[in-house]
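Me: Please take a close look at a single part of the structure below. I would like one connected explanation in plain terms.

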Amino acid sequence: MNTLTRAKRWIGKHLILGLGILVLIYTFVPIAIVVLMSFNDSSKSRNVYKFQQFTFDNWLHPGRWADGMLDSVMLSIYIALCATVIATILGTLAAFAMVRHRFVGRKAANIIIFLPMASPEIVMGSSLLALFVAAGFGGQLGFWTILIAHVMFCLSFVVVTVKARLSGLDDNLEQAAMDLYATEAQTFWRVTFPLVLPGIVGAALLSFSLSFDDFIITNLNSGQEVTFPMFVYGANQRGVPMEVNVIGTAMFVIAITIVLVGELARRRQEKALAA
Amino acid sequence: MSPAAEATTSTARAGSRDLRLSQLTKEYATFTAVKSLDLVVPQGQFFALLGPSGCGKTTTLRMVAGLDTPTSGTIHLGETEVTYEKPYKRPVNTVFQNYALFPHLDIADNVAFGLKRRGIKDVKKQVADMLELVELTSQAHKKPPQMSGGQQQRVALARALINKPEVLLLDEPLGALDLKLRRGMQLELKRIQTEVGLTFVHVTHDQEEAMTMADTVAVMNQGVIEQMGAPIELYENPRTTFVANFLGQSNLIAGEIEGRDGDQVKVRVQGALASVPGDRAHSESGKGWLGIRPEKVLIAEAGQPIDAPGDVITGGYVTDVSFVGVSTQYTVRMPWDQELMVFEQNTGARAMLPVGTKVDISWRPEYAFLLDASQDAKAGIEED
Amino acid sequence: MATLDDVAAPKAKRKLTGYWLILPGALWLAVFFVIPFYSLISTSLFDPKGSVLTGYDMTWHFSNYVDAIDQYKGQIWRSLWYAGVATALCLVIGYVLAYAIAFKAGRWKNLMLVLVIAPFFTSFLLRTLSWKLILADDGFVVDALQTVHLLGDDGRLLATPFAVIAGLTYNFLPFMVLPLYASLEKIDIRLIEASSDLYASPLRGFLKVTLPLSMPGVVAGTLLTFIPAAGDYVNAQLLGSPNTRMVGNTIQSLFTTQGDYAAAGALSVTLMIIIVGAVLMYVRTAGTEDLV
């Protein structure tokens, strides 16, 4: 009886946490399948997207990868890098303007920055396409138009991320620096920038993953270029080569590693300081 | 005495590096924070700016630091005008209210910050000395968030002091500490100030803190200085009802001023005739507030003798008694329906008087003060 | 609050710095986000007889809208319907997860938050393809459902509305969880304790205290889920069938394969107007207009 009531109480206490963990597990099932499929030998029948036989071949022989896949990955990485650099710089500047400066049109700027995050991608993608066609670039869709589009949708996320970090910053710190003989430039580089940097790095990582993963906007504005998500989408119609899962798994492992290393470094530093 | 301290004391004698504010004004869109403030802080003094929140004391401090620009007026350090000088060009450093320690730098780097910005190369020795002064040598490589409030406070102090500023500004530096730690830090700050001999300008709303630490206290209210002087002078001889109430507590009794009689001013108070020393009378005709501090009021059961040369006022009764250890605080309702506070030392000469006891009160005339009745008798009473 | 430039910069310079900083980003968004809407609207009014090759004429052809809505109203309705159901499912599932992280996770809070966004680390398309595998006709889910007779022997999940909604729910769940978590996390746990101290049962306490206080998160989360879900076509394409085509599928194929820019533009503008209208109505009823 006693153990029963105790069990009931325990369940009552942990029910919500348990349900939450179940939800998390649910979100990981498809990832597990991506990992699993990266070890699938599909050489017998390409047209069935189904686990057939375990193999390391997909990982070990990039030379046998489907035509164009590696190119699409490289293109996606290249675009994501360029878009990240541009969006991070422009977005960080804008975030400083929004938090630190009062100017006419600040409200309007705020709305323009918020809107891309709240617009359906299909509408943004088709608008851009309409613009490019109207401006006479309809025949030159490709790397540049993809890059323009990616910077456009990454920008808002950068502004929001850096803004959050910047507005959480105590302005007394900058005043203290100036009080302690730091000029405006020294104050910025010695105090403001190092303190905002984690926000900027976070924004850059977010931009990279948004750009690398984008499909809907890219698909409308890519012309003849094929990015990795477009390759996967196209392959779906012909039969998906298992190698795409190698890329998916590798991406996941790299991203998780970056996050974990960052977290570990933070914890280690904290521990060392506390000792 | 350290050589540095010696050097500053010798120039202090010359008096050439006083901090002078003249006609200093700061207006915001909706209100005036500081109104035509004139103030001289002599070099080497521990000076306190005391006042309730919103009185303009922090704004004044920030203008001296260069963090706010005055609307008009000037700030001089000795003969040099610094009114519009950038904060990093002034020989003035600040200990901020929430300390504002750089969270990404360790304690040693925080302390070294000012020296390094001024291009001083070898700062190790100075940083070590300074950390020793504030007793934080063993914490040099911790980061600020890992430290307690008291330790952070000492880092903030060290970070400012190491630059040997001509004026050190302290913005409620002890406000975030608990009471016990605060008392300890007050003594510590005072010790350090005496040791380094710099001018300290300390902003606070804690009257006890101001009185314990400062050589001179300026009481500020609504953007102006109400009164300035040594703590004893302010406490014993307040010039305004605000000072009388904000610094300690006061009984203010309405009276008719009869006029000067030799070096005394006579006041008729509720039928009795009281006298106030001429230098403590800040009004000489018409209506006035007769002020007397609660601990100066003498109390006895009705009809019992009171050891005071002045008039005895009869007809009161005790409405509240609180025992606070060293003293007993009585509230006495007088026949004219005013409640007076009476603090009596617990010497053990007499048992505590219970609520309802009929009592007589009196005081020594030399402790009374007289204020203009046009002022609000409740000004400066803190509501908390 | 005084800021750095109140101190540092003279007045004139201080005003201009803000403009210089915002200018590049604002210009980029103006040229590549705002102006394109204008192009889209004008495209939607082109003479439908044109083509990409021959060029389009601007003829204020408002009937494009009538034609597009008439022809594709099924897809429009389906989009709103699927996105609505997926958003509701996300809200329920996401609320449980956000609540667990905010109040029950203790020292695992940060880890769980990382796990919420971890799915973003693999490709959106690959995760959707995984669902194709999970829901496949000979997959274990279908097998299991057939065994317990929830699904007929020839019943299937793939290529049904169920699969599309499941995919949408899965893909947009993090957009729901994060804002919900952010607003739940701000709630002072003592308020919930106070409500139980004041005789509220856990359920009443939740309904009267926690839920109302988390409304900003609910509003932000539902918007951030509904809007992209309504415009999505990847789930419908990979997991659905021709019968589950959403308006996104139509717009994209009109643009890329059929080259019917006028109709595609009209449909795109229609979708945007419907979404903006729905959002405004929703925000007004939810009473949180200061969301931006």
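Reply: Helices (H or I, at least four residues) and strands (E, at least two) are DSSP runs, numbered from the N terminus. Chain C has 13 helices and 0 strands, so defined. This is a predicted model, where local features need pLDDT of at least 70, side-chain atom pairs count only at pLDDT 80 or more, and totals for chains, interfaces and linings use all residues. Residues are numbered from 1 along each chain as written, chains are lettered from A and ligands numbered from 1 in written order, and side-chain values use heavy atoms, without hydrogens or water.

The part to examine is the packing of α3(C), residues 63-104, against α4(C), residues 109-117. The angle between them is about 155°, and their axes lie 9 Å apart (axes are lines fitted to C-alpha atoms over the stretch in contact; angles run from 0 to 180 degrees between N-to-C directions). That makes α3(C) roughly antiparallel to α4(C), a label for angles over 145 degrees.

At the contact (heavy atoms within 4.5 Å), α3(C) brings L97(C), I101(C) and A102(C). On the side of α4(C), they meet K109(C), M112(C), L113(C) and V116(C). Of the residues in this contact, 6 are nonpolar, none is polar and 1 is charged (Ala, Val, Leu, Ile, Met, Phe, Trp, Tyr, Cys and Pro count as nonpolar; Asp, Glu, Lys and Arg as charged; the others as polar).

For the setting, chain C has 292 residues, of which 52% count as buried, that is, under 20% relative accessible area with a 1.4 Å probe, protein chains only. Among contacts in chain C between residues at least 6 apart in sequence, 68% join residues at least 24 apart.

Technical notes: Parallel < 35°, antiparallel > 145°, perpendicular 65-115°, else oblique. Buried < 20%, exposed > 50% of the residue type's maximum accessible area, 1.4 Å probe, protein only.
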